Amino acid sequence: MNGTFEGGMNKGEVMYVAGASGMFKTSFLINIILDQVLNDKSCVFFSLEMPKKQIYDNIYSVLFNEKFATIKQNKSLNDEKIKLMYKIQQNLIVIDYSDIH
């Protein structure tokens, strides 16, 4: 990713991603967010379309490579997964449409 954007993102920069529905905007951003927050960097995610819970569930689904609802139902949340979830929540601020108005 850093090579693609000629050096990556620098501290203090803002990235705005826009596109039509179904263009993988969220998937693209989740991969960037996971790279940053798992390396102890902070991110802010603004969404005008999805509520916070859905955003976090999507992030956990990508991280654990399965639907988060399945993880919860199967009770496969072990200490390692919980630590990763905590790290994400410590380094990521999610602001959804309900916070904006």
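Q: So helices here are DSSP runs of H or I with at least four residues, strands are E runs of at least two, and both are numbered from the N terminus. With that settled, where is I88 found?

A: I88 is found in helix 4. Bear in mind that this is a predicted model.

Q: Thanks! Is I88 buried or exposed?

A: I88 counts as buried, because its relative accessibility is 0% and the cut-off for buried is under 20%.

Q: What does I88 touch, skipping residues up to four places away in sequence?

A: Quite a list: I88 touches L34, V37, L38, Y56, I59, Y60 and L63. Take Y60 from that list: 28 residues separate Y60 and I88 along the chain, yet their C-alpha atoms are 9.1 Å apart.

Q: Let me zoom out. How many helices and strands does the protein have, and what pattern do they follow?

A: The protein has five helices and two strands. Going along the sequence, the pattern reads α-β-α-α-α-β-α.

Q: And how much of the protein is buried?

A: Of the 101 residues, 27% are buried.

Q: What share of the contacts between residues at least 6 apart joins residues at least 24 apart?

A: That share is 62%.

Q: OK, the core. How many residues are in the largest nonpolar core, and which have the most contacts inside it?

A: There are 18 residues in the largest nonpolar core, and I33, I59, Y60, I88 and L92 have the most contacts inside it. At least two core residues come from each of helix 1 (25-37), strand 1 (43-46), helix 2 (52-64), helix 3 (68-73), helix 4 (79-91) and strand 2 (92-95).

Q: Which one supplies the largest share?

A: Helix 2 does, with five residues.

Q: And what is I33 in contact with, leaving aside neighbours within four places?

A: I33 is in contact with C43, F45, I59 and L92.

Q: Back to helix 2. Which of its residues are buried, and what covers them?

A: The buried ones are I55, Y56, D57, I59, Y60, S61 and F64. Their cover includes helix 1, helix 3 and helix 4, along with strand 1 and strand 2.

Q: What about helix 1: how far does it reach, and which of its residues are buried?

A: Helix 1 also has 13 residues and reaches 18 Å from first C-alpha to last, close to the 18 Å expected. Its buried residues are K25, I30, I32, I33, L34 and V37. What covers them includes strand 1, helix 2, helix 4 and strand 2.

Q: Changing topic: how many aromatic pairs are in the whole structure?

A: A search of the whole structure turns up two. In one of them, Y60 and F64 have ring centres 6.4 Å apart and planes at 25°, so that pair is stacked.

Q: Where do Y60 and F64 lie?

A: They both lie in helix 2, four residues apart, which is about one turn of the helix. An α-helix has 3.6 residues a turn, so residues three or four places apart point the same way. Both Y60 and F64 are buried.

Q: Which residues do the ring pairs link into a cluster?

A: Y56, Y60 and F64 are linked into a cluster by ring pairs.

Q: And what lies over the face of F64?

A: That would be K81, at 5.3 Å from the ring centre.

Q: How about D40: what is its phi, and where does it lie?

A: D40 has a positive phi of about 60°, although it is not a glycine. D40 lies in the loop between helix 1 and strand 1. With 56% relative accessibility, D40 counts as exposed.

Key:
Residues numbered from 1 in each chain as written. Predicted model: local features only at pLDDT ≥ 70, side-chain atom pairs only at ≥ 80, totals over all residues. Heavy atoms only, no water. Core = buried A, V, L, I, M, F, W, Y, C linked by side-chain atoms within 4.5 Å. Buried < 20%, exposed > 50% of the residue type's maximum accessible area, 1.4 Å probe, protein only. Contact = heavy atoms within 4.5 Å. Phe/Tyr/Trp six-rings, centres within 6.5 Å; stacked < 30°, edge-to-face > 60°. Lys NZ or Arg CZ within 6 Å of the ring centre and 35° of its normal. Expected span 1.5 Å × (residues − 1).
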